[in-house]
Amino acid sequence: MAKELVAENTIIQDAKLFINGEYRDALSGETFDSLNPATNRKHASVANGGQEDAKLAIDVAQRTFVSGVWSNMPVEERSKILCRMADLIMENVDRLALVETLDVGKPIKESRGFDIPRAAQNFRFFAEMAKYMVHEHFDMSNHMSYVQYAPAGVTSLIIPWNLPFMQMTWKASAALAAGNTVVIKPASYTPLSAVLLGEIANEAGLPPGVLNIITGPGGSVGTVMASHPSVRRISFVGESNTGKTVMRNAAENLIPVSLELGGKSANIVFEDADLDEAVTGSIEAIYRNQGEICLAGSRILVQEGIYDQFLDKFVAAVKKIKVGDPTDESTDMGALVSKGHLQSVDEYVQIGLAEGAKLAHGGKRAPGLTEGNFYEPTVLYDVNNKMRVAQEEIFGPVPVIIPFKTEEEAIQIANDSIYGLAGVVWTNDLRRANRVTSQVHSGLLWVNCWYVRDLRTPFGGAKASGIGREGGRHSFDFYTEAKTITMKK
């Protein structure tokens with residue numbers, strides 16, 4: 001497959017394009033460097049695909065789809081292959097987790113303990129669900145109608161850099177289970193784990209051309225994937241402005257899109273909440289994956305009666321977070337994905353301080369970790385929701401803590417955002433939980449927990465956080481075309 005390079009604690013492979021079941025160089029022969037965020041040193045060369053590579057992959061996916069080798073395969077056989085891919089992911093969990101950690105900068109205990117097992121679960125869930133999808137039948141006096149859910153066709157999946165393997169498999173497993181062929185573009189920051197899915201697909205017996213992976217810049221590869229007339233579905237996860245570009249490109253050929261975009265979720269802590277539980281959950285909701293999660297509870301709204309007590313406990317817990325080598329099992333928070341992103345996060349902290357926010361902890365590079373992109377877990381408090389740091393997505397380990405007086409004010413602050421992806425409510429009052437969750441404009445809401453996912457439920461955001469829902473039946477609704485067939489009796 002590739003030349004092997006020894007990097008830190010593993011063997012990292014140079015990454016090539018995966019088209020029609022084979023690894024190959026970009027047509028231009030060009031490559032780019034993949035850097036380890038913890039050291040900022042090169043650990044792999046990656047094929048720098050361009051527009052012609054993307055067109056080739058889409059053409060291969062289209063021919064494969066039309067051939068029926070996958071789209072017409074009995075669902076039971078498709079399911080077996082996808083379940084085999086799930087098995088292979090878990091058989092390679094250590095390798096995949098280490099590659100993910102070295103490429104993203106996230107702690108190994110998160111990669112091995114959550115991301116890779118969840119990736120296997122994605123494949124197994126959608127593979128099994130595809131076998132038991134209900135098809136509607138409607139009877140009339142002289143006619144009958146029934147609905148078929150046919151595979152849509154070539155599906156473009158454009159994947160972000162923060163949770164690359166998990167996000168990729170979440171999309172690909174559903175699209176494949178529905179009978180589609182797919183072309184995947186991983187983020188240029190984090191391409192390595194995505195490329196390894198090609199090995200798994202071949203070993204599992206996925207027919208060539210069903211799964212294709214193109215590494216390269218969004219401006220060329222991504223544009224083709226979002227506008228090519230042979231593409232019939234686009235699923236994109238990323239920043240909101242990029243999502244608008246994807247949607248504009250897709251509109252040229254009326255390609256349906258599913259967009260999961262940015263977030264600035266409100267994490268609301270009421271006076272009657274279990275304070276220790278709320279602190280622990282709020283820490284998890286903002287510092288997991290270095291805060292590089294669209295679902296992060298980045299706006300922490302705390303009722304005035306417990307504001308000081310919550311802040312004291314929260315800061316005390318933050319001081320215990322261990323920042324360090326992502327491959328160390330004891331590390332709680334690793335490195336940000338790039339130098340540029342670290343600079344962006346730090347600039348936001350400085351903007352917040354200039355706006356009048358107060359700094360309780362952090363606010364600078366982590367001491368003693370000068371090589372990589374390590375930033376201290378930071379706490380900004382006494383924040384006003386009109387400040388930029390409360391309105392714009394920082395996408396890093398920087399929560400803003402905002403006081404509120406009443407339930408009505410908390411709801412107003414929560415909704416005073418262009419985003420509407422997620423939210424958390426901490427309360428022991430069941431009626432309050434129902435009132436607040438029904439009035440906060442977000443696609444996902446948790447009560448006394450965070451990031452608990454049932455794959456049967458819809459996932460997606462409101463407002464600038466996206467369009468559409470995936471998960472369970474909603475994924476199959478998106479990745480299929482519903483066909484109504486009516487016949488005379």
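# Reading a predicted model, feature by feature

Me: Asp 477 is partly exposed, with a relative accessible area of 39%. Between which values does partly exposed lie?

Reply: A residue counts as buried under 20% relative accessible area and as exposed over 50%, with partly exposed in between. Asp 477 is called partly exposed because its value is 39%. The model is predicted, and the values discussed here are computed from it.

Me: Where in the fold does Asp 477 lie?

Reply: Asp 477 belongs to helix α15, which covers residues 473-479. Asp 477 and Pro 151 are 326 residues apart in sequence, while their C-alpha atoms are 9.9 Å apart in space.

Me: How is the protein divided into domains?

Reply: Domain 1 is made of two pieces of sequence, 3-261 and 465-488, and domain 2 takes residues 266-447. The C-alpha centres of domain 1 and domain 2 are 31 Å apart. Their contact involves 28 residues from domain 1 and 30 residues from domain 2.

Me: How much area do domain 1 and domain 2 bury between them?

Reply: The size of an interface is often given as the accessible area lost when the parts come together. Here domain 1 and domain 2 bury about 2300 Å² between them, and 51% of that is on carbon and sulfur atoms. On the domain 1 side, Lys 109, Trp 161 and Ser 465 lose the most area to domain 2, together 22% of what that side buries.

Me: Which residue does the UniProt annotation "active site" cover?

Reply: An annotation comes from a record, and the geometry comes from the model. The unreviewed UniProt entry puts "active site" at Glu 260. In the model, Glu 260 is in strand β13, residues 257-260. Glu 260 is buried, with a relative accessible area of 3%. Apart from neighbours within four places in sequence, Glu 260 is in contact with Gln 167, Phe 236, Val 237, Gly 238, Cys 294, Phe 459 and Ser 465.

Me: Which residues does the feature "domain: Aldehyde dehydrogenase" take in?

Reply: The unreviewed UniProt entry places that feature at residues 28-485. Over residues 28-485 the chain is 41% helix and 19% strand, and the end C-alpha atoms are 47 Å apart.

Me: How many disulfides does a search of the whole structure find?

Reply: The search finds 0 disulfides. For a disulfide, the two cysteine sulfur atoms must be within 2.5 Å. Take Cys 449: the closest cysteine sulfur, in Cys 294, is 17 Å from its own sulfur, so the two are too far apart for a bond. Cys 449 is partly exposed at 26% relative accessibility. Cys 83, by comparison, is buried, with a relative accessible area of 11%.

Me: Where is Ser 442 placed?

Reply: A loop is named by the elements on either side. Ser 442 is in the loop between α14 (430-439) and β21 (446-447). A polar atom of the Ser 442 side chain lies 3.3 Å from the backbone oxygen of Ala 422. Beyond neighbours within four places in sequence, Ser 442 is in contact with Gly 420, Leu 421 and Ala 422.

Me: What does Leu 445 touch, not counting residues up to four places away in sequence?

Reply: Leu 445 also sits in the loop between α14 and β21. The residues it touches are Gly 423, Val 424, Thr 437 and Val 440. Leu 445 and Val 424 are 21 residues apart in sequence and 5.6 Å apart from C-alpha to C-alpha. With 27% relative accessibility, Leu 445 is partly exposed.

Me: What phi does Asn 20 have?

Reply: Most residues other than glycine have a negative phi. Asn 20 is not a glycine, yet its phi is positive, about 55 degrees. Asn 20 lies in the loop between β3 (17-19) and β4 (22-24) and is partly exposed at 33% relative accessible area. Asn 40 also has a positive phi, of about 60 degrees, and lies in the loop between β5 (31-36) and β6 (41-47).

How values were computed. Residues numbered from 1 in each chain as written. Predicted model: local features only at pLDDT ≥ 70, side-chain atom pairs only at ≥ 80, totals over all residues. Heavy atoms only, no water. Buried < 20%, exposed > 50% of the residue type's maximum accessible area, 1.4 Å probe, protein only. UniProt positions renumbered as here; feature names shortened; annotations may be inferred. Helix = DSSP H or I, 4+ residues; strand = E, 2+ residues; numbered from the N terminus. Contact = heavy atoms within 4.5 Å. Polar contact = N/O pair within 3.5 Å; in protein donor to acceptor, adjacent residues only side chain to side chain. Domains from an automatic or database assignment. Buried area = accessible area lost by both parts, 1.4 Å probe.
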